[in-house]
Amino acid sequence: MKESYQRLLQNNHDWAIDKRKFNPDYFNKLSLGQSPEFLWIGCSDSRVPANEVTNTKPGEIFVHRNIANVVIQTDMNLLSVLYYAVDILHVKHIIVCGHYGCGGVNAAIQQKDFGFVNNWLRSIKEVYAKHKKELEAIDDLERRERRLVELNVIEQTNNLAKTRIVQRAWKNGSLQIHPWVFDCANGMITELDNKITSISDVEPIFRYDL
Ligand SMILES: [Zn+2]
């Protein structure tokens, strides 16, 4: 009997053959390079694959995923991806996509000890603390958690706007930052009301004199 991982290799083999069958040039074109228009910062959750939920093809979206789609200013991985996407690939849009039912947000809203992961979840707790008044006015705990998912996405888009990388891109051209939430219950993405398009959307203390 085949092991489960072998199914993935078989699928890959079938997929590659299928692609070539319909478009013999497919991989020749793919191997020439990438020029994606979008950077996607999403959750590592297996239910929210960037290309699949947006019905896009390989080459269209540059992707970074971590637990609960957070943007932490000291995260070298995130910053390297952001730099490469903005400065080298010149993406036009950055999407931060959270999702309802996020395990990371669910863990962060509790006081339970999750060991090492506490460090990662800490930034989501900061979002909670910042919006405590609004969140604790929501009695229904599921609705409160859904709102924290939304506020977390919004705060992460704000964090992106505070980076030198994004502010330099604004100086040299245009770059839009979009907060989105995916709903596993119906497959739909909702745009949140915090689109960031220029330095005027950033609190003055975070604006750099570039
Ligand atoms: Zn998640």
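Student: Which protein atoms are the donors of the zinc ion?

Tutor: The model is a predicted one. A protein N, O or S atom counts as a donor when it lies within 2.8 Å of the metal. Three protein atoms, at 2.0 to 2.3 Å from the zinc ion, are its donors: Cys43 (SG), His99 (NE2) and Cys102 (SG).

Student: What spacing do the donors of the zinc ion follow along the chain?

Tutor: The protein donors belong to Cys43, His99 and Cys102. Written along the chain, the spacing of these donors is C-x55-H-x2-C.

Student: Is Cys43 buried or exposed?

Tutor: The cut-off for a buried residue is under 20% relative accessible area. Cys43 has a relative accessibility of 6%, so Cys43 is buried.

Student: Are His99 and Cys102 buried or exposed?

Tutor: The relative accessible area of His99 is 1%, and therefore His99 is buried. Cys102 also stands at 1% relative accessibility, so the class of Cys102 is likewise buried.

Student: How many disulfides does the count give?

Tutor: A disulfide requires a pair of cysteine sulfur atoms within 2.5 Å. Under that rule, the number of disulfides is zero.

Student: Where does His64 lie, and is His64 buried or exposed?

Tutor: His64 belongs to strand E2, which covers residues 61–66. Its relative accessibility is 5%, so His64 is classed as buried.

Student: With which side chain does the side chain of His64 make a polar contact?

Tutor: Beyond four places in sequence, the contacts of His64 include Trp40, Asp75 and Val81. The polar contact is a separate matter, made between side chains at 3.4 Å, and the partner of His64 is Asn66.

Student: Why does Glu155 count as buried?

Tutor: Glu155 is part of helix H8, residues 141–161. Buried means under 20% relative accessible area. Glu155 counts as buried because its relative accessible area is 8%.

Student: Which residues are in contact with Glu155, leaving aside neighbours within four places in sequence?

Tutor: Contact here means heavy atoms within 4.5 Å. With those sequence neighbours set aside, the residues in contact with Glu155 are Val127, Lys130 and His131.

Student: How far apart do the C-alpha centres of domain 1 and domain 2 lie?

Tutor: The protein chain is divided into domain 1, residues 1–33, and domain 2, residues 34–206. The separation of their C-alpha centres is 31 Å.

Conventions: Residues numbered from 1 in each chain as written. Predicted model: local features only at pLDDT ≥ 70, side-chain atom pairs only at ≥ 80, totals over all residues. Heavy atoms only, no water. Helix = DSSP H or I, 4+ residues; strand = E, 2+ residues; numbered from the N terminus. Buried < 20%, exposed > 50% of the residue type's maximum accessible area, 1.4 Å probe, protein only. Polar contact = N/O pair within 3.5 Å; in protein donor to acceptor, adjacent residues only side chain to side chain. Donors = N, O, S within 2.8 Å, 3.2 Å for Na, K, Ca; no water. Domains from an automatic or database assignment.
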